[in-house]
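Here is a short briefing to read with the model open beside you.

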Amino acid sequence: MKKYILIIAVLFAFASCEEENIVFDNENGQTAVSFATAEYNVSVPTEGLGIEVPVNVTTVATADRTFNVSVDESTVGDAANYALGSVTIPAGEYSGILNVSLNFDPLTEGEVYALIVNLEAPAGGVAFDETLEIEYFKEIICNDIVVTVNTDLYGDETSWEITDADGTVVASAGPFGRGVETIVNEVFLEDGCYTFTIFDAYGDGQVDGTVTGNYTITCSILNVLDGGGAFGASEAKEFCINQ
């Protein structure tokens, strides 16, 4: 009985050793393709955006090879939003590029899209990491900001100004009226960086013991900055436009 057990153990060891010494054939073996990078999250500028997605292959060939891709039905966004190239692996190489172009004009501001692309297996081969997902959205170009101030009971103590990088005042408002108010000012700002400063003449900020005031600067769907409350005589915050 012990002799048979020994023979089985030797055969098992031999088989295991054979499996561990499989030789990979990079010329005549099975071809496998994969996306080297499978996820992107990008904003699309006004001139559009091109993405070079690397694609890897496990074998080499003496001639260029082309691999197919297809847009998955789960894609979010119209076909006008994007354009796909083909995947070409140059002769003697293990990698190539899928070119993806994203268009700015068809996109709706504030909406997030998803382009899902499937890499198809070659004939007789396989594909792994074969799904590419690109989340993209329209870059928000903001030069028209909205400054909103919700005063406390003493709005006549509150004022604000915006200065540019040189310290020049480019916009200002206030003091406002006595009593609780919401004051909205629209301001056009050139691209660049600025400082918003809010002042309280009494020196206790936007509080009066009953009402606490606040302020915001917004642009489209962007919240550029906010603040308020007991900031003392003044509060300054820096922000940038399209930087």
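Two strands count as paired if DSSP finds at least two bridges between them. With that in mind, strand 2 and strand 11 (residues 131-138) pair in the parallel sense over 6 bridges. Please keep in mind that this is a predicted model.

- Asn41 has Glu135 of strand 11 standing opposite.

**The salt bridge**
- Searching the whole structure gives 1 salt bridge.
- Its partners are Arg178 and Asp156, whose closest N and O atoms are 3.1 Å apart.
- Arg178 sits in the loop between strand 14 (169-173) and strand 15 (182-188), and Asp156 in the loop between strand 12 (144-150) and strand 13 (158-163), so the pair ties together parts that are 22 residues apart in sequence.
- Arg178 is exposed, at 58% relative accessible area, while Asp156 is partly exposed at 29%.

**Asp200**
- You will find Asp200 in strand 16 (residues 192-200).
- Asp200 is buried but has no salt bridge, and the nearest side chain of opposite charge, Arg178, is 10 Å away.
- The Asp200 side chain does reach the backbone nitrogen of Gly203, at 2.8 Å.
- Leaving aside residues up to four places away in sequence, Asp200 touches residues including Glu157, Thr158 and Phe231.

Notes
Residues are numbered from 1 along each chain as its sequence is written. This is a predicted model: local features need pLDDT of at least 70, side-chain atom pairs count only at pLDDT 80 or more; totals for chains, interfaces and linings use all residues. Side-chain values use heavy atoms; hydrogens and water are left out. Helices (H or I, at least four residues) and strands (E, at least two) are DSSP runs, numbered from the N terminus. Buried means under 20% relative accessible area, exposed over 50%, partly exposed in between (1.4 Å probe, protein chains only). Lys and Arg count as positive and Asp and Glu as negative; His and the chain ends are not counted. A salt bridge is a side-chain nitrogen of Lys or Arg within 4 Å of a carboxyl oxygen of Asp or Glu. A polar contact is a pair of N or O atoms within 3.5 Å; within protein, one must be able to donate a hydrogen and the other to accept it, and residues adjacent in sequence count only if both atoms are side-chain atoms. Contact means heavy atoms within 4.5 Å.
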